[in-house]
Amino acid sequence: MADKPVYEEASIDGQPPKLASIPASDTTVWADASPLLQAACAGLRDGELIHGDNFNLFAAMSALEIMDPKMDSGIVCTYYSIDEAIENGAAPIPISLDSTIDVRCTIDIMDHLLACEAAWHKGHSLAQTVFSCIYLLRLDRTAPHALLHSYCRIIRATCKAVVSVVSDARTHEEEDLFTMTYGLPLNGDGDDKCLSILNAVEETISRQLRACKATSSKRRLPEDLEPLQSNSNLEEGFCKALLCRLRFRKHFFHVLSCMKRPQGRGLESARKHIASCLTELESILESADFLRSCFDESCEGDIDDKTTASGFEPIGFDAMLNSRLSAPTPPRAIKILSWKKAVEYFVKLLHDLDVICSYSLDPHLESLLRFVVQFQKSQPDLVARSHLQLLLVQDGKLYGRDPFFAVINKAAALPEATKNHDIQKNESFLQLGMLVMNLLKILCTNAAWQRRKLGKFLQDWRVIYVQLELAFRNEYGEVSSSSNDENTCMKIFQHILLWVEEQTYWIAFRFLILGFELELYSTGEYCMVYWYLYAVLIKLTEKTHLMMAVSHDTAKRKGKKKKDSSKDLARESRIPPAVLFLQCYICLAEGLTMMLAALRNEIPVFHSPSPFNTEHEKFVQHFELLQRACIPDHVSYPSYKESTTHARFSTLAMYNYFKDAQRIAKEVKSSFSNDPESRLGGRWGRNVPFGWIHFSSYLK
Amino acid sequence: MEQEVGESLIQLGNSDGSNSSSSDPVTRVRKLLFRRMLVGIKDGRFFLGTFHCLDKQGNIILQDTIEYRSTRRSSPSPMEQRCLGLVLIPSSCQNSCHVDCSVEEQLSLLKAKMI
């Protein structure tokens, strides 16, 4: 398209002046087609369209409708552009000539930005939240206002850091708009100096605070410092309010920088900064009373809904100005979090980050999996989860330090010496390493995404098992070789095959349990879900038990660390606590299945067939992914029916599923405290579902 | 004059050569399909795209649309543009509608000589 304006002399019917700036081309003009179109419309039959061969009604339905507020992000509102808004005084610098009001308004802006930031973290677009601030959009013009300028700079640098973490983790597909910046000015020159700029401002205000305190106690300080604002009664309150806000931002930025350091080197420092952040947030909350009371005018509306501590509306924000910078796709109407909720959000975020920073970077995979599952129970948000993922998987290694083959080697109870074995260069082992890496990434995503991915993942784990088994059989079809190295390779294969199976059943177990968390099962389907869980748990326990036996062998060969051989023998003959724990789960699952089956069989109201699909169809729908991966084998709808059709309360009374579960759980609990070795002492975590047991007993 | 009209009719004559249908507005608008069209709307914006569809109510669908808007309420002012893709402009918000064409075509084709 040529850039030249239209030939004005060619206009016959008087083109509007604006048209002149939209180029046609060298040889063409804009000709008014409205009369012709009107005539054509009159000539069309009802429902008839004028369209070309490439027209598709279904595709046409995706067209953006202009002037529909839900679809047209460009509807002209108050201002045509950011520059027009600025020219009309929407974002004045200074905000007010009265220094007291100027300071209060600056604090309002800081508070509103915090609320916007929390809304953004929760999953809204940057353009509608943080960058609805006109001051941020034209940061350079804030230079004369040191406070605003330093604050905006650090906000911009912080947003950039967070975007980079979430982008690197690539968990953001689930949370749409988070990383889309659409050309917003996130990269600023000199933002790396934002901390020093902030420190300078903080220093000034600290001195102003000291000065006003000195004045109140009638002591004169040598330096003659200009106060922050003109009302001496309010000076101390405002200084304190500002200081905690500035310090919070400083420490938060440090948290992000420290956590970014590779191999978890900055985690301890990060914890210190997190603690400081939490302290400052408390001070920020306390400052609200002062800010609300310092002016005679009270604000309208419910204070809890406000996005600022003072309750006043902040100056200099307009979300519509940026709506065109969001994608042409529909801009969602969003509500910025209230200030109180924003502070709560950051408190939770900091606590979640603290949990991550306290993690000991345990090289044992099973402890790590337990940690991640436990962490996810607190429902951390995207930013925290991205940080966890980046800590766990860096440069294709665990924690950026342990190669995945070494991790698998340890998890499969192989001796230390084999972790550098050449067999790891084998294609299947490389793929297995990738699978473990992907498993960790998947476990860091949100529950819904996680379940979906885990379901599909089962197939990959099944395939790798088959591949490894094939490779094993090809190499060692006959167990006759006597060479040391071949023995080692064989052992590696055997251990890892067993470990892969165990891991696959663990994933299946997680997949089914997540269905409860996501409330994907209707109550009528609980029976079959518990039954399937029972089937999976049986297999999982079997593999875990085998794995433990095999790890005992390895320990025996390594030489006993403890001298008390009789105690060890006794321990070996006992069932390991981890397995007992699983047996406890099995009892529960079986008990619940039978109980629900009996209810359904004996009490008609529990057995109302759905008008939509049959029980068989539901079975297939829920367990299709598991069935396809043959997890477990020989489990099908007919076998489910066979197990449950004859369940009756009269027969059930003979079994003590729940009592058994309770007994085993007590035994397990005591053995946890006795057995310090991590592998034996609690594979599935301390979150024994005692509540579950009590509930079931109550039902009985 | 008649010769000119005749020439123009021949100029945009259909491949099937039937002259009577080529003067029908519907057919003439059909000829405008895939041409660049500039639609102005009531809030002052302009949409430039390929003419894709028209219905009886006068709603227009444009393809590969670019939105033009001025950056100040008062003119003259620099224009901003952004790409939108497939766009439907309801007839209720349309202000103007122009088609990109050669000078000769403008004289003959677009004069609403409803025959």
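Leaving aside its neighbours within four places in sequence, A:E280 is in contact (heavy atoms within 4.5 Å) with A:C244, A:R247, A:F248 and A:H251. The model is predicted, so that local features need pLDDT of at least 70 and side-chain atom pairs count only at pLDDT 80 or more, whereas totals for chains, interfaces and linings use all residues. Residues are numbered from 1 along each chain as its sequence is written, chains are lettered from A in the order in which they are written, and side-chain values use heavy atoms, with hydrogens and water left out.

A:E280 is found in helix α9 (residues 267-293) of chain A, helices being DSSP runs of H or I with at least four residues and strands runs of E with at least two, numbered from the N terminus.

Helix α12 (residues 382-392) of chain A is largely enclosed by the rest of the structure, because ten of its eleven residues are buried, including A:L382, A:R385 and A:H387.

Three strands of chain A form an open sheet in the order β4-β5-β6, with antiparallel pairing (two strands pair if DSSP finds at least two bridges between them). β4 (393-394) and β6 (402-403) of chain A stand at the edges, each with a single partner strand, so one side of each lacks a neighbour in the sheet.

Note on methods
Buried means under 20% relative accessible area, exposed over 50%, partly exposed in between (1.4 Å probe, protein chains only).
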